[in-house]
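Have the sequence and the 3D view open side by side as you read.

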Amino acid sequence: MSPSNTMVWYKAWTDTRRYFRLGAMILIAMVVGMYMSYPGEPDKEFPHGAIALSVEQVRSLPHDARSYIWLHWFGNTLVVWLPFLAVALASAGMPPPGGAAASGAIYTLSMPVSRRKLASVRIVLGIIEMAVAALVSSLLVCAAAPLVGQAFSVRESLVHALLAIAGIVSFYGVLVFLSTTVGELHKAVLGAALLFLYGMLTFLANGFRRFSMLRLMTGDMYFLRGEIPWGGICASVGVALVMVWLSLLIIERRDY
Amino acid sequence: MDQEPVIVTRELRKVYGKISVIDGLNLEVPRGSICGLLGRNGAGKTTLLKMFVGLTRPTSGEGRIFGLRIDRSAERIEIRQSAAFVSEDKMFPGTATVAEIIQFTRAFYPRWRSDLAEEYLRTFDLSLNTHAGKLSKGARCRLALLLAMARGADLLLLDEPTAGLDPAIAEQSLQALVSLAGQQEITVLFASHQIAEVEQIADRVCMIEKGRVVLNDSLDELKSSYRRVQFVFESKPPAAAFENAHEDGRTLSLLVKRNPDEVVARGTSMGAQSVDVAPVTLKDIFLEHMNGAGK
Amino acid sequence: MFWKPSAGSGVPIYLQLMEQVKHAVETGALRSGEQLPGIRKMAEDLVINPNTVAKAYRELEHEGVIELRQGFGAFVTKNGAAAESRERRRMQNAQVVVKGAADHLAALGLDEQQMRRLFETEMTRLRESSGREK
């Protein structure tokens, strides 16, 4: 890779690494926490619900280790924390002109690199970082299971982790679009508001549950019936691509 | 200087909504010159420089730098490979240190001159480990200049390069600039409110008002051709005797661009009792153009 | 030896620099055959445009005060000093005239401003008349 390309990636890395590290550490800590509070008798202390799952579905699950771990990790923890990581990472690095953030960006924009490259690398790196955090923590779920005398399938864990990633990218795409148009201010507020919105969607009438991003991330279809929700994956990735494409369009045409 | 000018624009226009910030601007900046860009706030200086470096796109008209078009995305990137821009606020991205910003910049410029960078770090008293956010405005100015001058660029586009610097530091910065210009062929276009500085180091001056060029000449030419002519009449001076003349009691004074002798002859024939011809400063010429703009 | 030209004065910087060089030759600060500072060094020391320095040097060469040797630099010509001393004598004579006139005008009660104005007017008149003769 040419020195300028390397530098574009390196800059994106330095801009995001603290969020990646923090997110990864939190997820790993959550895994540890899950096992440290693993009940002696899962039967008695089985979780009552999970995000994006109906109460009946949860009740219908066998009270075994596999269900417990799936509900706890993929059904609750990962699905709650990944969106926060997405909020922290989602940015094209190109805030709208006029703010303090834009002033700093002007120097980068005056380099002999296309805006498209600068923005794309940043966006892609964010996705890679979320994916790594999700995969590493989910694999740790398998690796640490024997410590409580249990086991969780690596293949299942990987598939669920990938589903979680497939689901989060649509949310990430929307956030990238927002950070491009609205700016980086109040990222947390933005993210929380959106999260709430998404969360609400899952609790609406049954008709909406099919379109819930959170449900896709949980991967209940695969867990219960071994079915890959291709429709959901395509929809989520589609939304992400459209949002990113729009963002790049805006970035390229903008005057600073 | 029989080469193509480094910067050429023809009827360049930039419109924001209903406002034409740049309104049919025609400019040529010859290779190797240090050209001062003067104009009031809002005249379009910053917008012009940003269009040259590709931060802003022109609405219409033609602009070429090194023969490359500023309205084509790929060519804009090529322009930036040989040009350096120093923005008015001299901000830097994020929480990087001076060393990191230098490392960042040199990755994009294979012609980076580490010898110059080191020299400027010393002269400008900049420490590699300081965070950009903690630098004073003056230090940021100097860093911006370092980054612009050490990258081996052929064109420097500077927006108020010494604004906010104390006179000693400003002089140091100017010194580094002229030293660089003496070493290699480099073209500099700098927007400035410090007219004295423009008089000191520029060999060309360009004045813009309301998005148009109202004057573009060699500084020596200006200095040797402009004169202030002052007449005293016995009573009230003849009405509308001269264009752009200032009346003050029995005195009539005006700035003459060329051939003050003709004006002197006319004034004398109108009955002037006394005539004074004196040289003018660049500031006088500037203020005169700002008042009488719209020719 | 050389001081920073006045940017704000009505006189172009290159002319001021030329005057300084001639003055240096005149006073013996620079002698025949001695080298002048290079263009870059001069520009850097005086913080002026190198093109301006180059222009001054070119004009000085044209007047025979210095010569530019390709690749080596600028040197005071052999007869540069001689030309300067001729010039110096001429200027000394002229100075006597001006001193006399200034003393006379001061005795008449004129102040500096008035004297200056008179001079500018005469300059214009001279220019006019030499223009008409063409």
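## Domains

Into which domains is chain C divided? Chain C splits into domain 1, covering 13-80, and domain 2, covering 82-132. Keep in mind that this is a predicted model. Taken over C-alpha atoms, the centres of domain 1 of chain C and domain 2 of chain C are separated by 27 Å.

Chain B gets its own pair in the domain assignment: domain 1 runs over 7-221, and domain 2 over 227-279. Here the C-alpha centres of domain 1 of chain B and domain 2 of chain B sit 40 Å apart.

## The sheet in chain B

Now for the strands. Chain B has an open sheet of 6 strands with mixed pairing, and the order to trace is E6-E7-E8-E3-E9-E10. Strand E6 (83-86) and strand E10 (212-218) of chain B each have a single partner strand, so they stand at the edges with one side left without a neighbour in the sheet. Going from one strand to the next, the twist averages 15°.

## Around strand E9

Strand E9 of chain B, residues 204-209, pairs with E10(B) in the antiparallel sense, over 6 bridges.

Terms used. Residues are numbered from 1 along each chain as its sequence is written. Chains are lettered from A and ligands numbered from 1 in the order in which they are written. This is a predicted model: local features need pLDDT of at least 70, side-chain atom pairs count only at pLDDT 80 or more; totals for chains, interfaces and linings use all residues. Two strands pair if DSSP finds at least two bridges between them. Helices (H or I, at least four residues) and strands (E, at least two) are DSSP runs, numbered from the N terminus. Axes are lines fitted to C-alpha atoms, for helices over the stretch in contact, and angles run from 0 to 180 degrees between N-to-C directions. Domain bounds come from an automatic or database domain assignment.
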